[in-house]
Protein chains: 2
Amino acid sequence: MRKPNKLKVIPLGGLGEVGKNITAIEYKEDIILIDCGMTFPEDEMLGIDVVIPDITYILKNKEKIRAIVLTHGHEDHIGALPYVLNKINIPIYGTKLTLGLVETKLKEHKLDNVNMNIVKHGETIKLGVFDVEFIKTGHSIPDSAALAIHTPIGVVVHTGDFKIDYTPIDGDVIDLNRFAELGNQGVLLLMSDSTNAERPGYTMSERTVGNTFREIFLNHKHRILVATFASNVHRIQQIIHASEENSRKVVLSGRSMINTIGVALELGYLHMKEGTLIDINDMNKYPSNEITIITTGSQGEPMSALSRIASGEHKKVQIQPEDLVIISATPIPGNEKTVSRVINNLVEKGTEVIFESLADVHVSGHACQEELKLMQTLVKPKYFIPVHGEFRHLKKHAEIAETLGTPPENIFILSNGEIMEFTKDTAEIGGNVQSGNILVDGLGVGDVGNIVLRDRKHLSEDGLIVVVVTISKKEGTILAGPDIISRGFVYVRESEDLMEEARTVVRAVLEDCEKKKITDWATLKSNIRDTLRNHLYGKIKRNPMILPIIMEV
Amino acid sequence: MRKPNKLKVIPLGGLGEVGKNITAIEYKEDIILIDCGMTFPEDEMLGIDVVIPDITYILKNKEKIRAIVLTHGHEDHIGALPYVLNKINIPIYGTKLTLGLVETKLKEHKLDNVNMNIVKHGETIKLGVFDVEFIKTGHSIPDSAALAIHTPIGVVVHTGDFKIDYTPIDGDVIDLNRFAELGNQGVLLLMSDSTNAERPGYTMSERTVGNTFREIFLNHKHRILVATFASNVHRIQQIIHASEENSRKVVLSGRSMINTIGVALELGYLHMKEGTLIDINDMNKYPSNEITIITTGSQGEPMSALSRIASGEHKKVQIQPEDLVIISATPIPGNEKTVSRVINNLVEKGTEVIFESLADVHVSGHACQEELKLMQTLVKPKYFIPVHGEFRHLKKHAEIAETLGTPPENIFILSNGEIMEFTKDTAEIGGNVQSGNILVDGLGVGDVGNIVLRDRKHLSEDGLIVVVVTISKKEGTILAGPDIISRGFVYVRESEDLMEEARTVVRAVLEDCEKKKITDWATLKSNIRDTLRNHLYGKIKRNPMILPIIMEV
């Protein structure tokens, strides 16, 4: 039996990866969860919509779970909530905008009866044995919070995603003084955002982007389209400011843009003059120099508004050569090609496109090295766990902590599922709990696994050949077939010889088996498969999936 | 009939894309081809190995084709040669290293009897009506050439891929003076490399990378692995220099590295001391501070040497925590994630990894804006066609030419297949020839097209359901089945209910059709497909390919 007086910290997602953030904090009979995020599928997860964390451990300990505490409203921190809440009803705590966004999401999934509790920065909530304090931070979405979790063993500080912006758009600067106070009082453990740990220096203030916008908006005399993340409310605020200063109306395009701005406006996180926002259908009533369109699609997502605008498939927005398009985001690794395709489509239509490498139209939402050092220095934790990032980011963040004097034996680079156990004086890894990726495909959660993905990969590369034959139950003779049907393999019309040869090869196998009195279907099928596979590979160096089907009459 | 006295320039590949470079230059009864490259498949070209240009126009005019003239030995300039030469035997002209690399490639494809002719920089060859002059340039592979094609209408200058490096590793600097001379004498048309047209300033000299290597090699006291492009002979020369200065032996890993270095050494493009190069099997006879491994895999290609080393699957090289790995390349757009995976695997093993964002371990091989301006200024062409690049790069390059004074009506941004027609005083687009992508999959060239790819995509996303039923020819009754087999759809074991329901749905369709005396198989199949599709989409929001097969006995 494990000793009952240890504090356990168990990352169930977000370590060794970007996304899917969720961490359990456990002491005796109480568990709280920090965040509950999703991530996007890797390239090899063919056909998968989203990836959520394995929550077996949570389900097994459901009577202990007191709450899910959310640091902010990004998908990689709240996106798995509908799937988890569908299995187990847990109270949710978060700031106002975060919960506003959660509410929209839960509505889409037709989940109600969720116990949601708004917390303000500076407030502390009691959750079982834990006192959880929300501390104001800055990030690329408003209302972000770090958490100070006061436990019987000591204080755990979790930064959430953060950057240090001394001149934030909402004027409400990160509460560095509270981090300093906690540091002075003594912090057992710091868990800090590692996303930008490889980047030296400081992240620029969001305000610098506003200056660039202001200059661009002043000089362009036709329509301006800006693509950015719907959740980047401060960015959108600056686009609205620049528009209002230049007497432009603002049009929104893209479902998530309309939804998120709706929530942000309603809850008072976004400000605009009466009449600034107009309906997309009224756009043509205004001259082109009085229109700004804010759109989704900054990652070049093929179905997004900007992609459809660029390829001329958008019903309401037809791109003009005089338009100016600003892509106010950096491509997330893996999206470079889709973004480039959008840029090419726009440039081909004669439109000027401004993106990050041409001007300061984006800044990161995550702390760079000097900011990480400041956080470490203020909080002065006894132990340190770098969180949120691939292994390379965690490692670099660990090295930074070491250069600041944290003893290496007090720094832990964890994997998802590892149990960190703390007493007041000790810290050690005390085993593992189940963790991993659950793949969501359509309405199916977890029913697509390695075998299905392996088959999808095989099918995607070389296609499929189905061989069907009907055999007499009594005599074992062929009654119909063999028929050969292919998909994703070759143009059948141009490869009639190849297919006819394949039929001959299969017929020979069947006749041979008939002669040898082989009536075991498994053997028969594997003979067909092997012979046909070798034949095709020799002919065309391709290896389609071969599916022999035998019908018995 | 077209007037016979026009010079035609027809890009058959390389415009609006990066790769697959090939251009026809035609006058009356003579055609020469500049380069003959391949490109790598786009993400949506599932299962495709390489992409080559459509050469219908070449095959139709084969009696006119005098030669393929090569600018340098990169795959995007020589990679389609085996496929083209397999259809039509054309004499090849190029510099020594370029032809050395072509020879290796043709050997792999078992092509001999190819007429290959080595040309030196400064030499001019007569090809039909054309005099083709090879001009020394600089690029990330030695022995690169620009071409000055002296035609009856005027001089066409094609830069090939180039950069301006005043301190190249082989000491043999780009022949700017010849470009200047040509400019003074009058150039009709310039076709110039647009790859880096979006980048301001100058590309750094290759030598700067050598300085970084020297410093790193001096300070590291264990084994060093460097991943780079096999064709970047100058880079490899600098790695060898740094190794020799620090008494390190050099080991090669990766098939293309061994092949290319073999050719470069044999032809005198790479220099090393006797005994520097050792066999990978002798590596362990030396202490770790006396070993450098030069390896392929700088793009994180899953089967490459570096990827296998990083994941612990390489038979000869086991990574150690004390090793230092240098990735001396930039990820080509689309490869960021595979490179990152390799870095994570290495860092997890405790190995330090240096890559471009951490140090100056790579420079581009292509000219940036200031170099492009220099080329324009020297050559002073009457007409300008930007080549080698996506539309955005061509557009930017056209803008640069315009700022230097080329009248916009003399600048042509072409698409593949467009025919530019020149007289001494006029230039206009005179129609189109067939052009496009031919997909190579295994031994099949061009037998995979849109329908096959669409099927592969469908199969990759939602998998497949085969419905088989045997029906009596006479009575139309079901004799066997319906059997339902799925692949890439769901875990069958965990979804038995779903599959059993599907069977019931199909049986109902069959019985209904039997009742209605529907004996038309096409109708029967489409009834099965539609009903089952709707049923499954309603149940699980997935849309697998459904393949109904009816056997008649």
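**Exercise 1. In which loop of chain B is B:Gly389 found, and is B:Gly389 buried or exposed?**

Conventions come before the solution. This is a predicted model, in which local features need pLDDT of at least 70, side-chain atom pairs count only at pLDDT 80 or more, and totals for chains, interfaces and linings use all residues. Residues are numbered from 1 along each chain as its sequence is written, chains are lettered from A and ligands numbered from 1 in the order in which they are written, and side-chain values use heavy atoms, with hydrogens and water left out.

Solution.
- Step 1: B:Gly389 lies in the loop between E18 and helix H12 (391–403) of chain B. Helices (H or I, at least four residues) and strands (E, at least two) are DSSP runs, numbered from the N terminus.
- Step 2: B:Gly389 has 0% relative accessibility and therefore counts as buried. Buried means under 20% relative accessible area, exposed over 50%, and partly exposed in between (1.4 Å probe, protein chains only).
- Step 3: Leaving out residues up to four places away in sequence, B:Gly389 touches B:Gly14, B:Leu15, B:Gly16, B:Glu17, B:Val18 and B:Leu394. Contact means heavy atoms within 4.5 Å.

**Exercise 2. Locate B:Asp35 and B:Lys380, and give the phi and accessibility of each.**

Solution.
- Step 1: Most residues other than glycine have a negative phi.
- Step 2: B:Asp35, which is not a glycine, has a positive phi of about 65 degrees. B:Asp35 sits in the loop between strand E3 (30–34) and strand E4 (50–53) of chain B and is buried, at 1% relative accessibility.
- Step 3: B:Lys380 also has a positive phi, near 45 degrees. The loop that holds B:Lys380 runs between helix H11 (369–379) and strand E18 (381–387) of chain B. With a relative accessible area of 47%, B:Lys380 is partly exposed.

**Exercise 3. Which residues of helix H5 (residues 176–185) of chain B are buried, and what do they pack against?**

Solution.
- Step 1: The buried residues of H5(B) are B:Leu176, B:Arg178, B:Phe179, B:Leu182 and B:Gly183.
- Step 2: These residues are on the same side of H5(B) because they cover an arc of only 165 degrees around the axis. The arc is that of the directions from the helix axis to the C-beta atoms.
- Step 3: B:Asn177, B:Asn184 and B:Gln185 are exposed on the other side of H5(B).
- Step 4: The buried residues pack against strand E9 (130–136), strand E10 (145–150), strand E11 (155–158), strand E12 (187–193) and H11 of chain B.
- Step 5: After H5(B) comes B:Gly186, with a positive phi near 110 degrees.

**Exercise 4. How many residues does each chain give to the contact of chain A with chain B, and what area do the two chains bury?**

Solution.
- Step 1: Chain A gives 68 residues and chain B gives 68 residues.
- Step 2: The two chains bury about 5,600 Å² between them, with 59% of it on carbon and sulfur atoms. Buried area is the accessible area (1.4 Å probe) that two parts lose on being put together, summed over both.
- Step 3: A:Lys337, A:Arg392 and A:Tyr491 supply 11% of the area that chain A buries against chain B, more than any other three residues.

**Exercise 5. Describe chain A as a whole.**

Solution.
- Step 1: Chain A has 15 helices and 25 strands.
- Step 2: Its C-alpha atoms fill a box of roughly 85 × 75 × 45 Å, taken along the principal axes.
- Step 3: Of the 553 residues in chain A, 58% are buried.
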